[in-house]
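Hi,

Here is the structure I promised to pass on. Have a look at it first, and then read my notes below.

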Amino acid sequence: MTHTPIDGLATIPRLGLGTWKSKRGEVGAAITAALDIGYRHFDCASIYNNEKEIGTALSAAISTGTVRREQLWISSKLWNNAHAAKHVRPALERTLKNLQLDHLDLYLIHWPVSFKADITFPKRPEQFIAAADLPIIETWRAMEKMVKKGLCRHIGVCNFNTRRLIELEENGSQKPYTNQIELHPFLQQPQMIKYCAKSSIQLTAYSPLGSGKAPQREDLKATVSLLNHPKIVNLALKKQATPAQILIAWALTRQTIVIPKSIHHARLMENFQAQHITISTNEMMDLCQIDLGHRFLDGSFFAPPGSPYTVNNLWDES
Ligand code: NDP
Ligand code: 1BO
């Protein structure tokens with residue numbers, strides 16, 4: 001694993017463990033198993049509603065000496081109802097308390113979409129706050145202050161298109177450490193890859209295995225999941241690997257950080273071993289052909305009728 005300590009502090013391990021949908025009652029054991037296997041990077045979020053149990057597992061591992069805090073990379077995310085500048089620090093402090101940490105390695109804006117403070121998931125249009133009424137740069141400036149206060153080492157974003165990245169780069173005093181976005185062979189996002197390489201912003205690939213779903217895209221005749229796609233399966237057979245390992249190795253070969261989620265010991269191990277698989281340039285070029293531009297998470301839950309947000313506005317690059 002690429003994990004070079006600088007000044008005794010961890011840099012981001014390129015392969016981390018996702019924790020979305022890891023239920024309370026099972027996530028703690030998954031974290032403990034992952035630590036034993038060698039995972040040092042954990043991707044968390046307050047909205048995943050499991051940070052307390054993750055904190056208990058991390059704290060136990062640190063106190064028994066399995067791992068030192070400075071060997072870990074812990075990321076978490078600011079939820080959409082805490083974008084007002086005055087809400088950022090309390091939200092981060094809640095996450096720190098739940099995770100039993102005094103700082104995060106990375107704190108991310110979860111979505112470029114804002115809700116009213118007392119709303120966890122809006123059901124009505126008036127429960128959103130339009131971007132014009134709470135510009136994301138205000139949230140970003142409050143995040144920048146959290147770095148100065150020592151509550152997080154780095155800050156970044158998720159689900160930002162290049163237009164929003166440019167806005168932060170032009171108006172913020174720090175550039176995002178990473179943009180965490182959906183990336184896998186069905187959604188390769190070449191323009192974003194190019195933009196972030198040019199701007200020295202790292203990309204983190206979420207849902208790298210397809211998030212346990214198959215695209216429902218009759219228009220593209222693509223109802224097969226990534227894990228069952230013939231090109232992925234055949235490459236896996238050729239390399240005596242599994243389809244999941246090919247998908248993780250694909251992300252690492254593209255120099256992205258990747259955070260597959262599992263709660264099962266055998267899969268945690270399988271996914272971690274993917275770091276040893278190499279994919280050739282020709283094999284990567286062959287996989288370019290299966291890009292469908294398909295999002296498993298298109299943000300449509302933020303775009304009910306009357307919402308100030310639309311799916312097109314979330315992702316469009318105009
Ligand atoms: P993934 O693509 O990581 O897929 C997870 C699914 O694949 C689960 O159902 C898991 O089941 C299964 N799985 C894991 N390993 C294997 C394997 N080796 N073989 C077969 N199936 C496997 O999906 P996620 O959407 O969870 O994305 C990963 C992480 O990215 C999230 O957990 C979260 O941390 C982050 N994320 C961030 C988002 C954001 O907005 N910033 C949005 C979405 C995700 P099981 O657990 O039973 O093994
Ligand atoms: C609303 C989905 C969040 C996943 O990170």
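**Ligand 1 and its pocket**

The largest pocket is the space that ligand 1 takes up. Before going on, please keep in mind that this is a predicted model.

Around ligand 1 you will find 30 residues, and the closest are Asp 43, Leu 209, Ser 211, Lys 261 and Ser 262. Sorted by class, that shell has 13 nonpolar, 12 polar and 5 charged residues. Helix α9, which covers residues 265-273, gives the largest share of the shell, with 3 residues.

In Ser 262, a side-chain N or O atom is 2.6 Å from an oxygen atom of ligand 1. Asn 159 also uses its side chain, with a polar atom 2.9 Å from an oxygen atom of the ligand. Thr 19, on the other hand, takes part through its backbone: an N or O atom there lies 3.2 Å from an oxygen atom of ligand 1. How much of ligand 1 does the protein bury? Taken alone, ligand 1 exposes 900 Å², and the protein buries 90% of that.

**Ligand 2**

Now for the other ligand.

The residues around ligand 2 are Trp 20, Tyr 48, His 110, Trp 111 and Phe 301. By class, this shell splits into 4 nonpolar residues, 1 polar and no charged. Two of these residues reach an oxygen atom of ligand 2 with their side chains: a polar atom of Tyr 48 lies 2.5 Å from one, and a polar atom of His 110 lies 2.7 Å from one. On its own, ligand 2 exposes 220 Å², of which the protein buries 89%.

**Aromatic pairs**

One last thing to look at, away from the ligands' contact lists. How many aromatic pairs does a search of the whole structure find? The search turns up 15 aromatic pairs. One of them joins Phe 115 and Phe 128, whose rings are 5.6 Å apart from centre to centre, with 85 degrees between the planes, so the pair counts as edge-to-face. Phe 115 belongs to strand β5 (residues 114-115) and Phe 128 to strand β6 (residues 128-129). The two are 13 residues apart, and the pair links distant parts of the chain.

Happy browsing!

Terms used:
Residues are numbered from 1 along each chain as its sequence is written. Chains are lettered from A and ligands numbered from 1 in the order in which they are written. This is a predicted model: local features need pLDDT of at least 70, side-chain atom pairs count only at pLDDT 80 or more; totals for chains, interfaces and linings use all residues. Side-chain values use heavy atoms; hydrogens and water are left out. A residue is near a molecule or strand if one of its heavy atoms lies within 4 Å of it. A polar contact is a pair of N or O atoms within 3.5 Å; within protein, one must be able to donate a hydrogen and the other to accept it, and residues adjacent in sequence count only if both atoms are side-chain atoms. Accessible areas come from the Shrake-Rupley method with a 1.4 Å probe; for residues, only the protein chains shown count as cover. Ala, Val, Leu, Ile, Met, Phe, Trp, Tyr, Cys and Pro count as nonpolar, Asp, Glu, Lys and Arg as charged, and the others, Gly among them, as polar. Rings of Phe, Tyr and Trp (its six-membered ring) pair if their centres lie within 6.5 Å; planes under 30 degrees apart count as stacked, over 60 as edge-to-face and the rest as tilted. Helices (H or I, at least four residues) and strands (E, at least two) are DSSP runs, numbered from the N terminus. On a 1 Å grid over the protein atoms alone, a cavity is a set of points where a 1.4 Å probe fits but cannot get out, and a pocket is an open set with protein on both sides within 12 Å along at least five of seven lines; lining residues have an atom within 4 Å of a point. A molecule sits in a cavity or pocket if more than half of its atoms lie within 2 Å of its grid points.
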